[in-house]
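Let's take a walk through this model together, starting with a pair of helices and moving on to the space inside the fold. Have the structure open as you read.

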Amino acid sequence: MTSTAPSRPIGGRTRLLTAPATAGVAYLLAWVTGLAVWPSNLDVAASGSQVVAAYTGHRGVAMTQSLLVHGVAAVALAIVVLSLGQAARGRDAGPLTQATVVAGVGAAAVSLLQCALGLLLAGSAVPDGDTGRAGSLFAAINRLDGLKMLALAVMAASGAALVRRTRLLPGWLGWLGVLLAVALVVSGIGYLLLSSTLAPSAYVAGLLLLAWVTSAGISLGGLQERQ
């Protein structure tokens, strides 16, 4: 006599491995890999000549980094946020769901714009030796980073409230979202103002953001599996 393996667990595992859990893990890997391929440490207020000097000889890895941390990460973030919004529908979350999704997807859109500017910087301005354009592009990318961080702060704050109201995700993600929102506001202001004093707080905000997005994605994947 032969037996047939049940299909439901396989389907559940497939959902868990595709989205949004895979998106959460992809977000983490995109950032870790992107920072590893080129650990550049340029000051947020670096001049155009400093930018050209730093990028010269590193254009390939700079473009790879931009594609990963601004491109791939943006898509992964959007998938996690949209999955959270879909899971929260019908749970009496009020405007929190819309606020979380709009802020998160908006941040992803800004990140894609940063990706395009980063490719333009490394692929055109630097090889041309155009310090003026390189400085302007570098400043624009950083200011957009500030705008993105503030959008992510809204996402984190509304997401934290959403977690507490719906209990879709583990409660500790709500508290992590609060800490993340505060850190992102500080670092976002630093990047908008190109402040060398406030901008380094992005390191703390970045670690908290990686933990939040990755954990939320994996938790949502588990929720899909149970359904």
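Which residues in α4 meet which residues in α6? This is a predicted model, and in it H70, L77, V81, L84 and A88 of α4 are in contact with I141, K148, L152, M155 and L162 of α6. Sorted by class, the residues of this contact comprise eight nonpolar, one polar and one charged.

How do the two helices lie against each other? Two packed helices are described by the angle between their axes and by the distance between those axes. Here the axes of α4 and α6 come within 13 Å and cross at roughly 20°. Angles under 35 degrees count as roughly parallel, so α4 and α6 are roughly parallel to each other. Their crossing is left-handed.

Now let's turn to the empty space. Rolling a probe the size of a water molecule over the atoms shows where such space is left. The largest pocket holds about 1200 Å³ of space. It is lined by 45 residues, and the closest to its centre are W31, L35, S40, D145 and Y191.

Which helices build that lining? At least two residues each come from α2 (21-37), α4 (59-88), α5 (96-125), α6 (131-166), α7 (171-192) and α8 (202-226).

Notes. Residues numbered from 1 in each chain as written. Predicted model: local features only at pLDDT ≥ 70, side-chain atom pairs only at ≥ 80, totals over all residues. Heavy atoms only, no water. 1 Å grid on protein atoms, 1.4 Å probe; cavity = no way out; pocket = protein on both sides within 12 Å on 5 of 7 lines; lining within 4 Å. Points joined across faces, edges and corners; volume = space filled by probe spheres on them. Helix = DSSP H or I, 4+ residues; strand = E, 2+ residues; numbered from the N terminus. Axes fitted to C-alpha atoms, helices over the stretch in contact; angles between N-to-C directions. Parallel < 35°, antiparallel > 145°, perpendicular 65-115°, else oblique. Left-handed = near helix turned anticlockwise from the far one by under 90°. Contact = heavy atoms within 4.5 Å. Nonpolar A, V, L, I, M, F, W, Y, C, P; charged D, E, K, R; others polar.
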